[in-house]
Amino acid sequence: MTTADFTLPSELLPADGRFGCGPSKVRPSQIEAISAHAADIIGTSHRQPAVKDVVGRVREGLSSLFSLPEGYEIVLSLGGATAFWDAATFGLIQQRSSHLSFGEFSSKFAKASAQAPWLEAPHITEAPVGTAPSSSQLNLEGADVVAWAHNETSTGAMTQISRPTAGDSDALVVIDATSGAGGLPVDITETDVYYFSPQKCFASDGGLWLAAMSPAALERIEKISASDRFIPAFLDLQTAVDNSRKNQTYNTPAVATLLMLADQVEWMNHNGGLTGMVERTSANAQALYSWADSHEHATAFVSDPAARSLVVGTIDFADGVDASGIAKLLRSQGIVDIEPYRKLGRNQLRIGMFPAIDTADITTLTRAIDYAIDFLGN
């Protein structure tokens, strides 16, 4: 039998079949926000008030969403989290960083720091994929930045965010929140830089990075910028700070992305803020993991329930079940992007559970997976 022979009953079709882990499901009102401004903002200068007002909405909305303490600021620039890693090696790490590495994305910032010849070799604490290490495991010796991911998108492992307490370290706490920001609980005071891209919980397109920065982080950026270190203009964090304070970016941004982002942030704040969003992702996670825990052929890849992500669910399948085949069958029915992270190489599905995704759709998805398993077994 082939995908041509496979048809899901209508009751097993989610209202929205997008379960990708980024880019993720975009709500209709976000598309409408672009259309509504097609004539007055799209195609106009990003240095003029119309576009700057959108950036201001984003910054103010995120400040509210994360309940920013006094002195913290929302900073944004272009290039996504990948660009931010390089920018941090130039403008945030003074001499040495210390990293928790437990998957593809947490390892990439560590690699960028290791390859920067003007920095000392970083400390890298590695943990097995599928686990979530603690900040207590960091090597703090000589480190002026400590870094890890709030949510390891490649594995579905979720960490706790707290400042290291060992010794007298005053290192900046720099958290990659790309897939976690807006869907996981966080006390921003436990961080100095909480950075993310907008194509996950914020349901926008990529190409931007945004960060909640503490006074200590802003002071570090200013200090390094004033030194004799060479910093490429595109990666200059002080330039990003200066432009953000004017509600603009150094380079021309994708205005449609900003419009989608502004709409999503306002939707989040109107629906309970961060607490409301965590309630949504928690309900999604409960629906997915409870199904897997009681399943004959499926199991959550992250064995520790406390470390199972609320926004990215990874489900392993027994050897006799072809996860890739399930994904292909369901894609033919409009249920898309549930394939595993390519480099992990496991017989599993990876399912986005971001705030925009309705719990009813997660539940329907699990039933559709069961239907596909039965089809492949016949």
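Helices are taken here as DSSP runs of H or I with at least four residues, numbered from the N terminus. On that basis, Glu-104 of this predicted model is placed in helix α4, which spans residues 104-115. Glu-104 counts as buried because its relative accessibility of 18% falls under the 20% limit. Leaving aside residues up to four places away in sequence, Glu-104 touches Glu-152, Ser-154, Tyr-341 and Lys-343. With Lys-343, Glu-104 forms a salt bridge in which the closest N and O atoms are 3.0 Å apart.

The chain is divided into two parts, domain 1 comprising residues 15-26 together with 273-377, and domain 2 comprising residues 28-270. Taken over C-alpha atoms, the centres of domain 1 and domain 2 are separated by 27 Å, and the contact takes 29 residues from domain 1 and 34 residues from domain 2. The size of an interface is often expressed as the accessible area lost when the parts come together. For domain 1 and domain 2 the buried area is about 2400 Å², and carbon and sulfur atoms give 63% of that area. Of the area that domain 1 buries against domain 2, 25% is supplied by Val-26, Leu-274 and Tyr-341, a contribution that is more than that of any other three residues.

On the side of domain 1 that touches domain 2, α8 (273-293) and β11 (312-317) each supply at least two residues, and the largest share, six residues, comes from α8. By residue class, that side of domain 1 divides into 18 nonpolar, six polar and five charged residues.

The loop between α9 (323-331) and β12 (348-352) contains Val-336, and Asp-337 is found in the loop between α9 and β12 as well. Val-336 is buried, because its relative accessible area of 18% is under the 20% cut-off. When residues up to four places away in sequence are not counted, Val-336 touches Gly-17, Arg-18, Phe-19, Gly-20 and Arg-331. Val-336 and Tyr-194, by contrast, are 142 residues apart in sequence and lie 30 Å apart in space, C-alpha to C-alpha. Asp-337 counts as partly exposed, since its relative accessibility of 34% lies between the limits of 20% and 50%.

Several backbone features remain to be described. Most residues other than glycine have a negative phi, and most peptide bonds are trans. Asp-337, although not a glycine, has a positive phi of about 65°. Ser-67, likewise not a glycine, has a positive phi of about 50° and is found in the loop between α2 (49-65) and β1 (73-78). The relative accessibility of Ser-67 is 58%, and this residue therefore counts as exposed, the threshold being over 50%. The peptide bond from Gly-22 to Pro-23 is cis, with omega near 0°, and Pro-23 is found in the segment before α1 (28-36).

Technical notes. Residues are numbered from 1 along each chain as its sequence is written. This is a predicted model: local features need pLDDT of at least 70, side-chain atom pairs count only at pLDDT 80 or more; totals for chains, interfaces and linings use all residues. Side-chain values use heavy atoms; hydrogens and water are left out. Domain bounds come from an automatic or database domain assignment. Contact means heavy atoms within 4.5 Å. Buried area is the accessible area (1.4 Å probe) that two parts lose on being put together, summed over both. A salt bridge is a side-chain nitrogen of Lys or Arg within 4 Å of a carboxyl oxygen of Asp or Glu. Ala, Val, Leu, Ile, Met, Phe, Trp, Tyr, Cys and Pro count as nonpolar, Asp, Glu, Lys and Arg as charged, and the others, Gly among them, as polar. Buried means under 20% relative accessible area, exposed over 50%, partly exposed in between (1.4 Å probe, protein chains only).
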